[in-house]
Amino acid sequence: MAESAAASPNLRVGMLYCKTDTKHVIDSPLEAIVESLSTTPAPDILLAPEWFFVPEQDFYTPRQYARLRRRLEKATDDIESLVIPGTIARLDEEGNYLNTALVLCGGKTLLEYSKRRDGGDSSFAVSHQRDWQEGTKKGVFSWQD
């Protein structure tokens, strides 16, 4: 019998396991991502849970979010791993709350996806006197064909 021409790849998947919710702040989430990517060999895919990036104060401001995004891109520069570092509790330019996941590889953001369905996000927003803004993009992206 002939073997299949395209064998399925063996992927190393890393998952950051921790308790997350809207009231639980993770200490140094960016450093946890960087440390996980520094293992040898690095995982092919690294995932963190929802609400991994929830600051102690209100939410990430647009400026703080842009800085965090750049730092995550830099952390994935020269790495072929697919990184989905959980979601980020952030504000848009109008002051509305979004729950956003980035998909990164090789120093680039492949997708910026904000949740389109309410899984507690509207209550989280109200607890901070904010409105929840649902996302509009579909969560589809390409990675390594």
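How many helices and strands does the secondary structure of the protein come to? In this predicted model, the secondary structure comprises 3 helices and 6 strands, and these elements follow one another along the sequence in the pattern β-α-β-α-β-β-β-β-α. The C-alpha trace of the protein spans about 65 × 30 × 25 Å along its principal axes.

The packing of two helices was examined next. The axes of helix α1, which covers residues 29–37, and helix α2, which covers residues 62–76, come within 10 Å of each other and cross at roughly 10°. Because angles under 35 degrees count as roughly parallel, α1 is described as roughly parallel to α2. On the side of α1, the contact is made by Leu30, Glu31, Ile33, Val34 and Leu37, which meet Leu68, Arg71, Leu72, Ala75 and Thr76 in α2. By class, the residues of this contact between α1 and α2 divide into 7 nonpolar, 1 polar and 2 charged.

Side chains of opposite charge can pair when their charged atoms come close. The count of salt bridges in the model comes to 5, and one of them is formed by the side chains of Lys115 and Glu50, with an N to O distance of 2.7 Å. Lys115 is placed in the loop between β6 (108–114) and α3 (121–127), whereas Glu50 is placed in the loop between β2 and α2, so this pair ties together parts of the protein that are 65 residues apart in sequence. Elsewhere, Leu11, Val13 and Met15 form a nonpolar patch on the surface, and their accessible area together is about 310 Å².

Technical notes:
Residues are numbered from 1 along each chain as its sequence is written. This is a predicted model: local features need pLDDT of at least 70, side-chain atom pairs count only at pLDDT 80 or more; totals for chains, interfaces and linings use all residues. Side-chain values use heavy atoms; hydrogens and water are left out. Patches are made of residues with over 30% relative accessible area and no salt bridge: like charges are joined within 9 Å, nonpolar side chains (Val, Leu, Ile, Met, Phe, Trp, Tyr) within 5 Å. Accessible areas come from the Shrake-Rupley method with a 1.4 Å probe; for residues, only the protein chains shown count as cover. A salt bridge is a side-chain nitrogen of Lys or Arg within 4 Å of a carboxyl oxygen of Asp or Glu. Axes are lines fitted to C-alpha atoms, for helices over the stretch in contact, and angles run from 0 to 180 degrees between N-to-C directions. Helices (H or I, at least four residues) and strands (E, at least two) are DSSP runs, numbered from the N terminus. Angles under 35 degrees count as roughly parallel, over 145 as roughly antiparallel, 65 to 115 as roughly perpendicular and the rest as oblique. Contact means heavy atoms within 4.5 Å. Ala, Val, Leu, Ile, Met, Phe, Trp, Tyr, Cys and Pro count as nonpolar, Asp, Glu, Lys and Arg as charged, and the others, Gly among them, as polar.
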